[in-house]
Amino acid sequence: MSSPSSTPPDRATLPAAIPSGANLAALRDHNAATVLTLVRAATATAAVTATAADRATQATGGTSGRAGVSRVELARQSGLTAQAISKIVQRLLDDGLLAEAGRGASTGGKPRTLLTLVPDARWAVGVQLGRDALTVLRADLTGRVVADRQVAIDLAAWGPGRVLDLLAEQVSWLLGAVPPERVLGVGIASPGPLDQRAGVLHQVTGAPSWDGLALRDEVAGRLGLPTLIEKDSTAGVLSGLGSPDRAFVHLDRGLGAGLVLGGAVQRGARTNAGEFGHQTIDPDGPRCRCGNSGCVEALWAAARSPREAAGVLGEAIANLVRLLDLDEIVLGGREVLAAPDLYLAEVRRVLAARLPDPTWQPVTVSVAPSGPNAVALGAAGLVLARLFG
Ligand SMILES: [Zn+2]
């Protein structure tokens, strides 16, 4: 599954790579997803360009260019025939997902009609089910959050029935009068461990009443909407654009990382990849709540100052970068957001000290721009990814 704002697919992955005999409907959807992704990318690129152009032309009283992409350009970028593009575009126009936005520059012939994405044609709901808070948000097709809310819960004490009833109530508030057919679905990010494919929770630490709960089906049954679940840290890595080799490091009530390697989300055999909070980095270190000693989480908790704690996270991230050859780290979670400058400085300092050649292996470190909404936004991104492929 790709990021909610992934770059256009590589030409090599386009229809020629689909095995012969592939289901025709699936092929059609794949091509439609490709076109939607290209239009979204063109709209985003044009928006950035327009912003720069606006700045440049404000002084001279000029006007900026239009956003969008022509059918001819879509055919060139996708490798699909002009006839196929024409059919797909017409269907997407009929569905209200695309709009004709005016005419672009011509290379000699008549000016070409430009196509843009209609951001509010469909909506995605993102939910972060936390141990003590429930975050819900509604995002448009570009991943922009238009409404959000956070309410306090007690995951362990309340149990599934009360929490999920509240979740359904909050999502209903969020959607208001939006017709159900314009809601793509609900993505739920939850503490692990869980089975993402089966949609079932698995022994959530300290919350035994949730063990084995079919979270996906429980929520789908209450809301009547397509529902997906994902581990919280993995959802976080889907909250924005980024490098094909990156991690979202989530430091909240626990520590985990969401991983994208080679452009693909990595979940591992049991949806358990990235659980690096319980790696032992000092066997003689303090006892951890997991029963082992000297885990990253235990050293972080035992630190004598906020700076030392941030340094422990830096050491763990340096190990992660050396193991996986990552070039981008995005930090999130309440502990980081409580002291973002300190965490940024310490993680950067430790990476500079631990990597053998930082000039050859540069690593970008930032705090998630969506802040406290990062995980819920990534959950909405799961839903958007089903439309964009
Ligand atoms: Zn541990």
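Salt bridges and a zinc site

Me: What does Arg222 count as, going by relative accessibility?
Reply: Partly exposed, at 32% relative accessibility. Bear in mind that this is a predicted model.

Me: Which residue does Arg222 form a salt bridge with?
Reply: Asp165. The closest N and O atoms are 2.9 Å apart.

Me: How many salt bridges does the count come to?
Reply: 18.

Me: Which side chain meets Arg267 in a salt bridge?
Reply: Glu230, at 2.6 Å from N to O. This pair also links distant parts of the chain, 37 residues apart. Arg267 lies in the loop between strand 13 and helix 7. Glu230 belongs to strand 10 (residues 227-231).

Me: Is Glu230 buried or exposed?
Reply: Buried, with a relative accessible area of 0%. Arg267 is buried too, at 13%.

Me: What about Arg304, buried or exposed?
Reply: Exposed, at 75% relative accessibility. Arg304 forms a salt bridge with Glu308, with the closest N and O atoms 3.1 Å apart. Glu308 counts as partly exposed, at 30%.

Me: Which residues are linked in a network of salt bridges?
Reply: Asp132, Asp252, Arg253, Arg334 and Glu335.

Me: Switching to the metal. What are the protein donors of the zinc ion?
Reply: His278 through ND1, plus Cys288, Cys290 and Cys295 through SG. They lie 2.0 to 2.4 Å from the zinc ion.

Me: What is the geometry of the zinc site?
Reply: Tetrahedral. The angles among the 4 donor atoms are 104 to 126°, and the class requires all angles to lie between 85 and 135 degrees.

Me: How are the donor residues spaced in sequence?
Reply: H-x9-C-x1-C-x4-C. His278 and Cys288 both lie in the loop between strand 13 (264-266) and helix 7 (296-302), so the pair ties together parts that are 10 residues apart in sequence.

Me: Is Cys288 buried or exposed?
Reply: Buried, with a relative accessible area of 7%. His278 is partly exposed, at 29%.

Me: Last one. Where does Arg348 lie?
Reply: In helix 10 (residues 340-354). Arg348 is partly exposed, at 44%. Arg348 and Gly314 are 34 residues apart in sequence and 7.4 Å apart in space, C-alpha to C-alpha.

How values were computed:
Residues are numbered from 1 along each chain as its sequence is written. This is a predicted model: local features need pLDDT of at least 70, side-chain atom pairs count only at pLDDT 80 or more; totals for chains, interfaces and linings use all residues. Side-chain values use heavy atoms; hydrogens and water are left out. Donors are N, O and S atoms within 2.8 Å of the metal (3.2 Å for Na, K and Ca); water is not among the atoms, so sites may look incomplete. Four donors count as tetrahedral if all angles lie between 85 and 135 degrees; four count as square planar and six as octahedral if opposite donors are over 155 degrees apart and all others between 65 and 115; anything else is irregular. Helices (H or I, at least four residues) and strands (E, at least two) are DSSP runs, numbered from the N terminus. Buried means under 20% relative accessible area, exposed over 50%, partly exposed in between (1.4 Å probe, protein chains only). A salt bridge is a side-chain nitrogen of Lys or Arg within 4 Å of a carboxyl oxygen of Asp or Glu.
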